[in-house]
Amino acid sequence: MNITIDQIKQALSHVNDPDLGKDLITLNMIDNIAIQDNIISFDLVLTTPACPMKQKMKDDCLQAIASSISPEVEVQINFTAKVVSPHTIDNEGMKKVKHIIAVGSGKGGVGKSTVAANLALALSASGAKVALVDADIYGPSIPTLFNLLHAQPKGVEEEGKTWLLPIEKHGIKLMSIGFFVDPCKAVLWRGPMASNAIKQMFMETLWDEIDYMVVDLPPGTGDIQITISQMIPVSGVILVSTPQQLAVADVRKAADMFISVKTPILGIVENMAYFTPAELPNNKYYLFGKGGGSALSQEFGFPLLMQIPLIQSMAESADEGTPAILTENGNSRPFFKELAEKTAQSISILTNKASNK
């Protein structure tokens, strides 16, 4: 059978990326087409390694080639990914950072840092290059979550400037104000000092290439959130809440703040949404109320990204310095994998819209 590259491109021009609404050829998502005898191979270049739609696109490619060329052709599809950004950060240390995902909450105690850490690790597990920045300046949690209480970043000099090097653990790059302060003492900094410390942590760190930088924000609506929103182009914010109305009321204020500073809100994560005992796997107990995250989602019109149950092992693993997604039982792994996919999917859609303006 005499097959040409033009025939293959023509067939694949009828396959759309479900999220972006355009065909794979127009989007330049097909690369390295090769033909050998009765075998066709090519790369399907995803917009994110965490793409939740890749199996559908693969199936659609196989169907398109079978119907347009021949069902007898063997097709080998290799997934690759290229994360692109509509902006470049004007800072030598951060110029290779493509997307910044902030994780915030209206109040403390809702599991924001746990969500941020496990989201970062889930994105990394998909194949993305990931950093996690602990910007919760008065209560940094990353040193505890990653068992790095006594870690201290090293410095390197390049062209007369000294840069901090992020600490790497579990395949992601980490930076926290907790690496620079005594973990047993309170951080007594007024607003300007705290804002300057945040600027130094972002802008004086040599990050190298990062697809997604997850930023764990402090709770509430204050100087740090506004400083970060004005200093760097945040691709989107995830808001974390429990179902409890007390938490939802504060998240509502946080949502209003991010809307006012024109930062996209990717959606809400309802943490500790319910409790299911191991011995009663079909039962759900709503310890902190029910439906608060859904109501907030409907009120503002952004999606409820995930409802994460209250899992005992998550608290235990956090105290032990191992994020829950890395533990042997991995009860929380499916929730954070799906959260990572939805987050990356939203970022890709926003990037495509920005590029077509």
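1. Charges. The protein chain has 29 positive and 37 negative charges, and their mean positions lie 5 Å apart. Lys and Arg are the positive ones here and Asp and Glu the negative ones, with His and the chain ends not counted. Each charge is placed at NZ of Lys, CZ of Arg, CG of Asp or CD of Glu.

2. What you're looking at. This is a predicted model, where local features need pLDDT of at least 70 and side-chain atom pairs count only at pLDDT 80 or more, while totals for chains, interfaces and linings use all residues. Residues are numbered from 1 along each chain as its sequence is written, and side-chain values use heavy atoms, leaving out hydrogens and water.

3. Overall build. You'll find 10 helices and 13 strands in the protein chain; these are DSSP runs numbered from the N terminus (helices are H or I, at least four residues; strands are E, at least two). The C-alpha trace spans about 75 × 60 × 40 Å along its principal axes. The radius of gyration is 22 Å, which agrees with the value near 21 Å that a compact globule of 357 residues would have. That rule is 2.2 Å times the number of residues to the power 0.38, and the radius is taken over C-alpha atoms.

4. Of the 357 residues in the protein chain, 50% are buried (buried is under 20% relative accessible area, exposed is over 50%, partly exposed in between, with a 1.4 Å probe and protein chains only).

5. Contacts along the chain. Take the contacts (heavy atoms within 4.5 Å) between residues at least 6 apart in sequence: 73% of these join residues at least 24 apart.

6. Threonine 205. Look in the loop between helix H5 (191-203) and strand S10 (210-216). Threonine 205 counts as buried because its relative accessibility is 0%. Its side chain reaches the backbone oxygen of methionine 201 at 2.7 Å, a polar contact (a pair of N or O atoms within 3.5 Å; within protein, one must be able to donate a hydrogen and the other to accept it, and residues adjacent in sequence count only if both atoms are side-chain atoms). Leaving aside residues up to four places away in sequence, threonine 205 touches Gly93, Trp163, Leu164, Pro166, Met175 and Gln200.

7. Proline 309. This one sits in strand S13 (residues 304-310) and counts as buried at 7% relative accessibility. Beyond residues up to four places away in sequence, proline 309 touches Met272, Ala273, Tyr274, Met314 and Phe335. Aspartate 256 is 53 residues from proline 309 in sequence and 26 Å away in space, C-alpha to C-alpha.

8. Serine 70. The loop between helix H2 (54-68) and strand S3 (74-81) holds serine 70, which is buried with a relative accessible area of 9%. Its side chain reaches the backbone nitrogen of glutamate 72 at 3.0 Å.

9. Positive phi values. Asparagine 28 has a phi near 55 degrees, a positive value in a residue other than glycine. Asparagine 28 lies in the loop between helix H1 (5-12) and strand S1 (30-36) and is exposed, at 63% relative accessible area. Lysine 262 isn't a glycine either, yet has a positive phi of about 60 degrees. Find lysine 262 in the loop between helix H7 (245-260) and strand S12 (265-275), exposed at 75% relative accessible area.
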